[in-house]
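Subject: A structure for you to explore

Hello,

Here is the structure I promised to pass on to you. Have a look at it first, and then read my notes below with the viewer open beside you.

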Amino acid sequence: MTDAYLGRIGKLIRDARQHRGWTQSQLADALGTSQSAVNRIERGNQNISLDMIARIGEALDSEIVSLGYAGPMHLRVVGGRRLSGSIDVKTSKNACVALLCATLLNAGRTTLRRVARIEEVYRILEVLASIGVRHRWINDGNDLEIVPPAELDLAAMDTEAARRTRSVIMFLGPLLHRMDHFKIPYAGGCDLGTRTVQPHMTALRHFGLEITATDGTYHAQVDRSVAPTRAIVLTERGDTVTENALLAAARHDGVTVIRNASSNYMVQDLCFFLEELGVRVEGVGTTTLTVHGVATIDRDVDYAPSEDPVEAMSLLAAAVVTESELTIRRVPVEFMEIELAVLEEMGLDHERSAEYRADNGRTRLVDLTVRPSKLRAPIDKIHPMPFPGLNIDNVPFFAAIAAAAQGQTLIHDWVYDNRAIYLTDLNRLGADVKLLDPHRVLVEGPTRWRSAEMMCPPALRPAVVVLLAMMAAEGTSVLRNVYVINRGYEDLAERLNSIGAQIETFRDI
């Protein structure tokens, strides 16, 4: 091994030892060697065998070396630091993936502005590229240009990329207008329990789509003689099922009425984009959408999706748990009004700028300044509702906020099977989170946060909540395998560092 490589291994071993709270002598005792030998290893001054590396990893309960692949990314967080300054909210992850799926409707060139460069977007782009859709990043990598082929090659689909994102299910709506039969892999994404696709099947059956599921694949058959003859009533007011129905209705040459539709932020962005494609959508922002579809779409369009209210909530929670004064710019306030009303009742000290418009010309934004506050637990439970209620994806952040507040907070996350369970990971960092059942937790605050080393929860929002708690905890914490965070946030560690955090990304050798 080279001296540089030995030095890198030695630093990993030292960090893992310090994280466990051991001295060099304690590690030496566990290995049956001397303290001076451990010292030489950590300084990179002693050759070391793979067998010894494995023994050290076992003793410290830490994977020191990963062989044969680029190991997972981890975060090392030095907590107890105050944030300051200002930070802009990025564009919406959920809007961007819906718009990428919607480009399949268009035979022309689509340019999307300020697209979130996140793993979820990359997976959809990989799938699109594999079936023949060309894309390139332009304007210093800020914008995305997409050009579809005359014919899609679905047989060449990158199934591995497709299985890593649930968003691929939104291919169904556009594809049913392009071919009579096709197949796509089962949808993946976060580990949030069983998330049924039956509402999608029920909605799209009005357009002649029939699905059979075998061997991890959805097999789709389209009956061209079937078209909507009455209003489509969605069996659940879900975001992606509403988007799929919109995508199907966009190229149905007629009028489609969708009832019990979601009016959430990503659905509204999709409606605004469809209007750029020449599809008239009435009732945007309500639960009844009337879509005037067109049989053929061939337009060069330029669209800027709006900012992400969930990222805005993440940054707000970061300020609260670290007791910081922070200005969060470009907050889509109309999709956070309930959250802010609840936080006002809890005692949040904050100030809002005058409203202004997002680049899409429609969404209302504000700049929000949050100050250190003495929070108290809310009287009522925290629970999500479809928009305009408290956003489903913002619920986990209230666990960290409640842990910083005085008193008991009941959080009822009724939408997902498993997500509330992951909030108990905060207990490793000093919180008092009691799991009452798979959907409800009771959070007792205030919390004296403490550092820890732990695996990243497999669900996006709870994973970020754990990271925020680590930022509040004195000392050094490690969050291992943060792929799920990269699915939904662009350069989150770097951006938090720009406002005062100290977060280092690293991989095992």
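This is a predicted model: local features need pLDDT of at least 70, side-chain atom pairs count only at pLDDT 80 or more; totals for chains, interfaces and linings use all residues.

Proline 388 sits in the loop that runs between β17 (364-371) and α14 (395-403).

Where is proline 446? You will find it in the loop between β20 (440-445) and β21 (453-455). The bond from glycine 445 to proline 446 is cis too, with omega near 0°. For background, most peptide bonds are trans, and most residues other than glycine have a negative phi.

**Residues with a positive phi**

Arginine 114 has a phi near 55°, a positive value in a residue that is not glycine. Look for arginine 114 in the loop between β3 and α6 (119-130). Its relative accessible area is 29%, so it counts as partly exposed.

Asparagine 260 also has a positive phi, of about 60°, although it is not a glycine. This asparagine belongs to the loop between β10 (255-259) and α11. With a relative accessible area of 24%, asparagine 260 is partly exposed.

**A sheet of four strands**

In what order do the 4 strands of the open, mixed sheet come? The order is β4-β5-β3-β13. At the edges are β4 and β13 (301-303), each of which pairs on one side only. Neighbouring strands in this sheet are turned by 15° against each other on average, ignoring direction. Helix α11 (residues 265-276) packs on the sheet, where it touches β3 (110-112) and β13. The direction of α11 makes about 155° with that of β13.

Now zoom in on β4 (residues 134-138) and β5 (residues 143-147), which run antiparallel and are joined by 5 bridges. Arginine 134 stands opposite valine 147 in β5, and histidine 135 faces isoleucine 146 in β5 across the pairing. The two strands form a hairpin with 4 residues between them. In that turn, asparagine 139 has a positive phi of about 55°.

**A sheet of three strands**

There is also an open sheet of 3 strands in the order β18-β20-β19, with antiparallel pairing. β18 (407-412) and β19 (432-437) are the edge strands; each has a single partner, so one side of each has no neighbour in the sheet. From one strand to the next, the twist averages 20°. β19 and β20 pair over 5 bridges, and leucine 435 stands opposite valine 441 in β20. Helix α14 lies across β18 and β20, running at about 25° to β20.

**An exposed glutamate**

Is glutamate 474 buried or exposed? Its relative accessible area is 57%, so it is exposed. Glutamate 474 lies in the loop between α16 (460-472) and β22 (475-480). Leaving aside neighbours within four places in sequence, this residue is in contact with Gly79, Gly80, Trp449 and Ser451.

Enjoy exploring!

Best wishes

Key
Residues are numbered from 1 along each chain as its sequence is written. Side-chain values use heavy atoms; hydrogens and water are left out. Two strands pair if DSSP finds at least two bridges between them. Buried means under 20% relative accessible area, exposed over 50%, partly exposed in between (1.4 Å probe, protein chains only). Contact means heavy atoms within 4.5 Å. Axes are lines fitted to C-alpha atoms, for helices over the stretch in contact, and angles run from 0 to 180 degrees between N-to-C directions.
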